[in-house]
Amino acid sequence: MLINNQFNFIIKIGDCEFKSVSKPFDLSIHINPNDQNKQVNAFNLPRAVKQTFQCGNFIADVSQGGSINCDQISLWPHANGTHTECVGHVTSQKITIEQALQAIGGVIFVPALIISIEPQPIHLTQDLYPAIHQNEELVISKQLIETAIINATFQFSQSIISSIKAIIIRTLPNDDSKKNRIYQNNNAPYFTPAATSYLRNNHFSFQHILVDLPSLDRESDEGLLAAHHSFWGFEKGTIPNIDSISRTVTELCYIHNNIEDGFYFLNLQIAPFEMDAAPSRPIVWKIDKIDNIENTQ
């Protein structure tokens, strides 16, 4: 979604100066509790619903004679729309997304890279997946990601590369049906552990992954969540360190086709819920110019 307000800004990070005169784009899939047919949904979880408050003769609905509108919303953040999750999603420790935000300074406003990838059958890759799967299932492999990142950044200096903290991955084909698609019992494309390990450990060392899929992992993976663990960098059953806590995963985004691959600034807005995940709204601005401050002095 294109946001009509235009922002001009210059941001300095290290030796780089980033300039934008672009209008921002909203990458979130909005949650519409008024119409369940216009909701994305995953994992056989209930849809988001609303219920109007009523007490005795009072009803909180102006259309029904009330003085105000006041509704209760029931939702499952992991299944009902764009959401951001932290390592607490897969740990016995009740780590919350708010704790993750505090570990990185309280706000996510960072340089980000948008790339597009067409998943390929897993039997055509060199990657392994630890859960039972079929050879024709579509995956995002380490090689696909590595090639896309190299093609997108080969002209960047090392100082620019080191500044990029988030990667936004659009899967192909891509269309508006992703905004109300039902991801249930159909094994949407997923990441191999080698792919998410590469995103964590390559020279970018991304802190934040944003994807247009319901999960990094296979829909049914015997409870392993291997790609999640690989990105957060800890073994199942162990205690995550501060580096793991400071990394986030955002799922069920929608990156419209009119948003070009390339270099952006990301403002990842997250609802202040003390939970492992919360609804979120990623906003991106195209970076129009990058100057190396060292070279201009």
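Trainee: What percentage of the 297 residues in the protein chain do buried residues make up?

Mentor: Buried residues make up 51% of them, where buried means under 20% relative accessible area, exposed over 50% and partly exposed in between (1.4 Å probe, protein chains only). Keep in mind that this is a predicted model, where local features need pLDDT of at least 70 and side-chain atom pairs count only at pLDDT 80 or more, while totals for chains, interfaces and linings use all residues. Residues are numbered from 1 along each chain as its sequence is written, and side-chain values use heavy atoms, leaving out hydrogens and water.

Trainee: How many helices and strands does the protein chain have?

Mentor: There are seven helices and 20 strands. Both are DSSP runs numbered from the N terminus: helices are H or I with at least four residues, strands E with at least two.

Trainee: Thanks! How do I read two packed helices?

Mentor: They are described by the angle between their axes and the distance between the axes. Here, the axes of helix H2 (residues 142-153) and helix H4 (residues 193-201) come within 7 Å and cross at roughly 35°. Axes are lines fitted to C-alpha atoms, for helices over the stretch in contact, and angles run from 0 to 180 degrees between N-to-C directions.

Trainee: Which residues make the contact of H2 with H4?

Mentor: Lys-142, Ile-145, Glu-146 and Ile-149 come from H2, and Ala-194, Ala-195, Tyr-198 and Leu-199 from H4; contact means heavy atoms within 4.5 Å.

Trainee: And what share of contacts with a separation of 6 or more comes from residues 24 or more positions apart?

Mentor: In the protein chain, such residues account for 73% of those contacts.
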